[in-house]
Amino acid sequence: KQWYQRRVRASNSSEQRLKMLRFNGYMEKRDRSWRHFFVDLNTETEFSDPNLERIDIEKIHDKFKEFPSGEGSLRELFHAGPRQAFFLIKFWVNLNTPSVDPKGTDVFYGHDNRYESTERLHIKVSTKACSFGKGVVEKTQTVTPVATDGRLIYDVDKSPLCDYLISFIYKLKDLPGAILMNNVLENFTILQHVTDVDTGETLLCVACMFEVSETNESQYSIYRLVGH
């Protein structure tokens, strides 16, 4: 398999409004003696590949179709545009975690996101976990940029994973073998939708799907979503 490590960018030929630099989920000892990544997209590589593989949104839209918040389905968001802001990331999840008490208090479960823009924006990051295409839990955060070395950087740092996801991880780990784990993951997805707080415009929308990694590290591939 070929593993792509590219920066996700909402862009067109004349405008690049928001870039994703980081998307990860992890567990770590509270004394920071170790950290284990379940998924880890973290790259500064310039995203310029015109041959990024394309996936028809119709092949995956039913995995992101109904949300309690009333927000449109992935298909509806895509057709509202801008279409160049929509991507699919396939993650291979590293479940070879250290042996810990899942109810212990000495381990932190969290996720980080980082974005970059060329203009000052106030963004809303909505992250939804879906089961069988329906949203079951959602986290919404607003972020303003910090100027860093001439760049406008937006950080969601050390945001706690919800109890639903922590429980899901350990139930998944209890299954006997990768085949059964992947059968469950076939119906589990995450949708992250980033909008401009002031205008409501979609800046970036990333659909995430998962399988179990066959190695001791997480991996991913990025695809551009397209449609008619």
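Biologist: Which residues does Lys63 touch, not counting residues up to four places away in sequence?

Modeller: In this predicted model, Lys63 has its place in the loop between S4 and H1. Its relative accessible area is 14%, and because buried means under 20%, Lys63 counts as buried. Not counting residues up to four places away in sequence, the residues that Lys63 touches are Cys130, Gly133, Glu186, Thr189 and Met209.

Biologist: With which side chains does the side chain of Glu28 make a polar contact?

Modeller: Glu28 lies in strand S2 (residues 16-29) and is buried, with a relative accessible area of 5%. Leaving aside its neighbours within four places in sequence, Glu28 is in contact with Trp34, Arg35, Asp106, Val107, Phe108 and Lys158. Polar contacts join the side chain of Glu28, at 2.8 Å, to that of Arg35 and, at 2.3 Å, to that of Lys158.

Biologist: What is the order of the strands in the open sheet of seven strands?

Modeller: The edge strands, each pairing on one side only, are strand S4 (54-56) and strand S8 (134-143). The pairing within this open sheet is mixed, and the order of its seven strands is S4-S13-S5-S12-S11-S7-S8.

Biologist: How many bridges join strand S7 to strand S11?

Modeller: Strand S7 (residues 123-131) and strand S11 (residues 188-196) run antiparallel. Within this pairing, Ile123 stands opposite Asp196 in S11. The number of bridges that join S7 to S11 is nine.

Biologist: At what angle does H2 run to S11, and at what angle does H3 run to S12?

Modeller: H2 lies across S7, S8 and S11, and its direction is at about 150° to S11. H3 packs on the sheet as well, where it touches S11 and strand S12 (202-212), and the angle between the directions of H3 and S12 is about 155°.

Biologist: Which residues of the largest nonpolar core touch the most other members?

Modeller: In soluble globular proteins, nonpolar side chains tend to be buried together. Leaving aside its neighbours within four places in sequence, Phe210 is in contact with Val39, Lys90, Phe91, Val93, Leu185, Phe188, Thr189 and Ile190. The largest nonpolar core has 43 residues, and those that touch the most other members are Phe91, Tyr115, Ile123 and Phe210.

Biologist: How many residues does the second, separate core have?

Modeller: Members of this second core include Ile57, Phe67, Leu77 and Tyr223.

Terms used:
Residues are numbered from 1 along each chain as its sequence is written. This is a predicted model: local features need pLDDT of at least 70, side-chain atom pairs count only at pLDDT 80 or more; totals for chains, interfaces and linings use all residues. Side-chain values use heavy atoms; hydrogens and water are left out. A nonpolar core is a set of buried Ala, Val, Leu, Ile, Met, Phe, Trp, Tyr and Cys residues joined through side-chain atoms within 4.5 Å. Buried means under 20% relative accessible area, exposed over 50%, partly exposed in between (1.4 Å probe, protein chains only). Contact means heavy atoms within 4.5 Å. Two strands pair if DSSP finds at least two bridges between them. Helices (H or I, at least four residues) and strands (E, at least two) are DSSP runs, numbered from the N terminus. Axes are lines fitted to C-alpha atoms, for helices over the stretch in contact, and angles run from 0 to 180 degrees between N-to-C directions. A polar contact is a pair of N or O atoms within 3.5 Å; within protein, one must be able to donate a hydrogen and the other to accept it, and residues adjacent in sequence count only if both atoms are side-chain atoms.
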